[in-house]
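Student: Could we go through this structure together? I would like to begin with how its chains meet.
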Amino acid sequence: MLGIFQIHEPDSIEEASSLLKEYGYEAAVYAGGTELLLVMKEKLAHYSHLVNIKTIPGLDEISFDPEARTLRIGALTTHRQLEHSSLIAEHAPLLAEMESTVGNVRVRAMGTIGGNLCFAEPHSDPATLLLAWDAVLEVGSDEARRRIPIADFLLGMFETALQPGEILIDVHLQLLPANAAGAYRKFSTHERPTATVAALLQLEQGVIADARLAVGSVGPAAFRAKEAEEMLRGQQPQEELIASAAESASRAADPVDDLHGSAEYKRHLVRVLAAEALDLAARRAQAEVDYD
Amino acid sequence: MTASGSGIGRSVPRVDAREKVTGQARFAGDLKLPGMLHGKVLRSIYPHARILGVDVSKAEALPGVVAVLTGADLLDIDPYYGHSIKDRPLIAIDRVRFVGEPVAAVAAEDEATAEAALNLIEVEYEVLPAATTMQAALAEDAPLLHEVEKLRPGLFHGLGELRPQGNICYQHTIARGEVAEAFERADIVVEGEYTFPAVYQYAMEPHTAVAQWEGDQVTVWASCQHPYLVRAELADLFGLPVTDVRVIVPYVGGGFGSKSYTKMEPITVALARKARRPVRIANRVDEAMVTTRRHNMVCRMRTAASADGTLLARQVSLWLDTGAYADNGPRVVATAADAAPGPYRWESFHVDAYGVYTNRPPSGSYRAFGATHLQWIGESQVDEVARRAGIDRVEIRLCNLLRPGEEVRPGGKPLDADLVGDVRKIAEALDWDSPKPPGTGRGLGVGLLAAGARPVSTAIVRLQADGTALLLVSTTEMGQGARTVLSQLVSEELALPVERIKVPGGDTNVTPYDRSTGASRSTTLAGKAVQRAARQVRDELLAIAGEHWGVAPHALELRQGAVWYGGKSLTFPDLIHERFGFSGGEIIGHGTVRPEAGKGSYAAGPVFWEVCIGGAEVRVDPGTGRIHILKLVSVADVGHAVNPELVEAQEMGASMQGLGNALFEEMVFDEGQILNSTLLDYHVPTIEDLPDAFISRLVENEDGPGAYGIKGVGEGALAGVPAAVVNALADLGIKVNELPLTPERIWRALHASDVPQRQEPIFKENP
Amino acid sequence: MTEGLIGQERPLVTISLRVNGEPVEAVIEPRELLLDFLRDRLGLMGAKRSCDTQVCGACTVLLDDLPVSACCTLAYEARGREVLTIEGLAQDGALHPLQQAFIEHTAVQCGFCTSGMILTARSLLQDHPRPTRQEIRHYLKGNLCRCTGYWNILKAVESVAGSGRQRGRVGEEAT
């Protein structure tokens, strides 16, 4: 049972932004509602004003800029759209692969990529992958627009860099170069994942030119395993190297004890998943295996 | 004469399937009465506290609130209930004993108002020392949950005198011979301490009750398994003759024991009494979890054997956490004791079983209780004996298993099943003698569950003038297919197609007495009563026809809704017309099952021994510790399958619950508070948890006490599966003495040498 | 916090939608959940409340052909859209092939999950008429059933999907 609220239907980002400013802490952005309504039903939070940004046209579109080789994903694009979009399948199959594992089919039908990122739930699948991908988020208010690298956007558990009145508009993804590939691995024992790892590797003549490794779900927010990335660059993706990088990522994790498992076990899972993800990414980059 | 109904042994479609696939089936929560209010319950936030005061004035003043119920409203009645031990007030009187205990209840015009009113109730507590674990409850200076000399027996206890010792509410011992002597003599002794977690039944429909008073009579629509026992307890609570309490049971959305006995009905009836309007209370999942659950358990067991693998003796002590109130705990204690020795030919055994009060939510029935708790432990010790004796794990069972007719426990019913044959079937389905792929473990487990509860059931068959039959029986249809199977029994006896037999839901003013729906008893016991009722109708039809043709009834044949004599026939409507001289009237038969009846002795108990058997083939992911189930096998030793597909469906459902219990289900407590009280954090098996292969075999030896040699199934696989999985793991060298077998636990077991072992599980109190 | 008090001002919105093909117009509070709207206002009781947290799928209905958890979806969200509940699946008294298959394969026990299970499968087959067993399992993962052990549900869906294992009996391989 939900508490009483009013719903607002702005036509533009500017109008939505000013509504958010006007109602301050009493207001929340309403997108897919999958996380927000759950929290409100459980009485963990109450907002007297929901600002429904789905009445703003154009926020649920996916477009591709062939010049810049970038995908622009509207914040209101649902997980299901990403899972099934032909543009995504063509240019970012890894994103579709990850999206197909989010929550369940109903959550994917309603939940949006923007809502997911703005909610900053620590077990978010998209956050882990997009962090590895160096996605850039465009946010706007009634005053200005700005772009934030996702690493600077996700600040902690349920915490983002959004300022009062700011709304996530879209997600910009630079396509991976032809000689790069990625993998996303997760381990779940409950509805939400226990540990998530995303790896992106670019290979030039058998040598890792660029490596990005993100770890999520185990702690308050997803993080990049920088030391592991350093270790990988300039090296051949051999088993021992991958094992060392995975070990490094595991050490870098700051897991917490909770219902999903002990910190110690999660740290171990990070090592296992990171090794799997790096191995798969390397094989994909060498075109040995394709995306699912 | 012969009845060629061929109603049994056929997998006819469920009679309720069409209603259910079209959304027309009605459950208690679908009912709307004129003027019905919505009830919400304010629950204790402390595991143990004295209630100093409850101020409901603000809540009562809220527009839309019709009534607020507290313990103070119950001064005119004896507000305690509990079918085994009358230890539980229907709402807290002066003390709360677990987090989640009802302290007040609000009835309001709508749900939102009721919920809002809960926030306006002010409760003043004085927090008391709590015993939120069995360890704490059994300590010398433990706070006592119930400070009484003598516990009051409930209406259906059958447990002898109840003398609590500290927080032990019930103790049950079974013994044969001298175990000490056997252990001295033994070449092999296997022993260990084991724990079993608290588990949530998760019937998908949470408990729901609707109560409506009319004068001094009350009608309750409830998601309950045992309408007659609920009726008796309500009558007792509210000081009414039982006939002034009417309990109606629509379709029930799964029970699995969670809706056995009395649950949310008393508080709903009390709230409706105060509100003077109909009231509905529907639990949420977190409320269902604190309404009843499976007992967590600590068990110490040791098994003695000779060098050749002959099992000699077993000694068991076990403690079951029944929570703040006994609920069905005493019965669980007794059944666990019965299951502890396992189905073997022991020289001696000794089992001490205890039910312990703690400041946790009450525990009661959950499918295959007792057997599920014990079988994986006992069977893992049998496997270990086999390993040490150097003999095959199937062989050791074939050598030591009880044979039909042998005593299972002193004074009880002798074994009524071919366990050797059942084990052979499991082994065959597992390709036991074939080489195992590397990294694959195989295991099996066999056991017995005292089934049937009390053998008291009645049924009425009313053959109508149009040739259709109405079967009145109080068995609850909660998914198991009771209405279908019982229709088939009528069909068999009356040679009437199943489509012409209607089975309405239980209604204590309409359908006759049945003790309960549980303990795998309905097809066997209610079925026997149904058969007898149908036979009375049949006999009367034959008598009428015999009189008509002037021949003896045995010369007649029942076929296709008619009685035949040579080439001549009289349809049932013809016969009713003949009987009444009018195209109206009906023929009524009734059937009764009492303790004396049936094949073998019901009185000695149990009604029958349900075979609990399962086999598994598993693989373990060394990286994560996740168990992958390659194959799951069950045998349904059913005596005679009325509807083979429904038997298989029961087996598969029980097996999947068994997997959940074995692999991941656990209610996690902290200071008596459940930490995983939503399905987000309490994982039950999904379709992705299905094993790669699922094999279910039927065994029909017609050795059960029901009609046609029927005996019950539906629970056994749940106890068999954890045993099979634990043994399959041990086959891989992974030994565990704690369920569930979470990936983390397996990972720790795999790396026992290089991973520091955690003594205290995360966020979890020892049982 | 005391929300939802009678007497407190409750904002209202008017919505029009189609439910099982029929136009519906209603004045509702924005906070009204689709599940309560269907059950309490329209008397469509097929969708059930169980976990109440989008995990179990007992409340599944199709919103513009896509499955949603009616327990966590605002009725407001359905404005201008088409809702299909289990009651609207049979056409002119003829059961949908999935309904028929659930009967034939004993894929129904207590019935509490059944509406959601069938509607989810319907949504899968609409997009993907010949899914593999793996795809069926992945799609139905969010619909819990505590009674059947899922096997018969899988068989029922496969029989309609025509994925080559229509008449499977217990004992066959699952993957």
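This is a predicted model: local features need pLDDT of at least 70, side-chain atom pairs count only at pLDDT 80 or more; totals for chains, interfaces and linings use all residues.

Student: How many salt bridges does the rule find across the interface of chain C and chain B?

Tutor: The rule finds 4 salt bridges there. Between chain C and chain B there are also 23 residue pairs in polar contact, counting pairs with both residues at pLDDT 80 or more.

Student: Which elements of chain C give two or more residues to the side that touches chain B?

Tutor: They are α1 (34-41), α2 (97-104), α3 (114-127), α4 (133-140) and α5 (151-161) of chain C. The most comes from α2(C), with 4 residues. By class, this side of chain C has 26 nonpolar, 19 polar and 15 charged residues.

Student: And what area is buried between chain C and chain B?

Tutor: About 5100 Å², and carbon and sulfur atoms give 60% of that area. In terms of residues, 60 of chain C are in contact with 65 of chain B.

Student: Changing topic: which residues touch the most other members of the largest nonpolar core?

Tutor: That core has 202 residues, and those touching the most other members are B:Tyr202, B:Leu318, B:Leu374, B:Leu741, C:Phe37 and C:Phe102. Helix α17 (residues 716-731) of chain B supplies the largest share of this core, 10 residues.

Student: What is B:Leu741 in contact with, leaving aside its neighbours within four places in sequence?

Tutor: Its contacts are B:Ile627, B:Ala662, B:Leu663, B:Val725, B:Val726, B:Leu729, B:Val736 and B:Ile746. Apart from this core lies another, of 75 residues, including A:Leu130, A:Trp133, A:Phe187 and A:Leu280.

Terms used:
Residues are numbered from 1 along each chain as its sequence is written. Chains are lettered from A and ligands numbered from 1 in the order in which they are written. Side-chain values use heavy atoms; hydrogens and water are left out. A nonpolar core is a set of buried Ala, Val, Leu, Ile, Met, Phe, Trp, Tyr and Cys residues joined through side-chain atoms within 4.5 Å. Buried means under 20% relative accessible area, exposed over 50%, partly exposed in between (1.4 Å probe, protein chains only). Contact means heavy atoms within 4.5 Å. Buried area is the accessible area (1.4 Å probe) that two parts lose on being put together, summed over both. A salt bridge is a side-chain nitrogen of Lys or Arg within 4 Å of a carboxyl oxygen of Asp or Glu. A polar contact is a pair of N or O atoms within 3.5 Å; within protein, one must be able to donate a hydrogen and the other to accept it, and residues adjacent in sequence count only if both atoms are side-chain atoms. Ala, Val, Leu, Ile, Met, Phe, Trp, Tyr, Cys and Pro count as nonpolar, Asp, Glu, Lys and Arg as charged, and the others, Gly among them, as polar.
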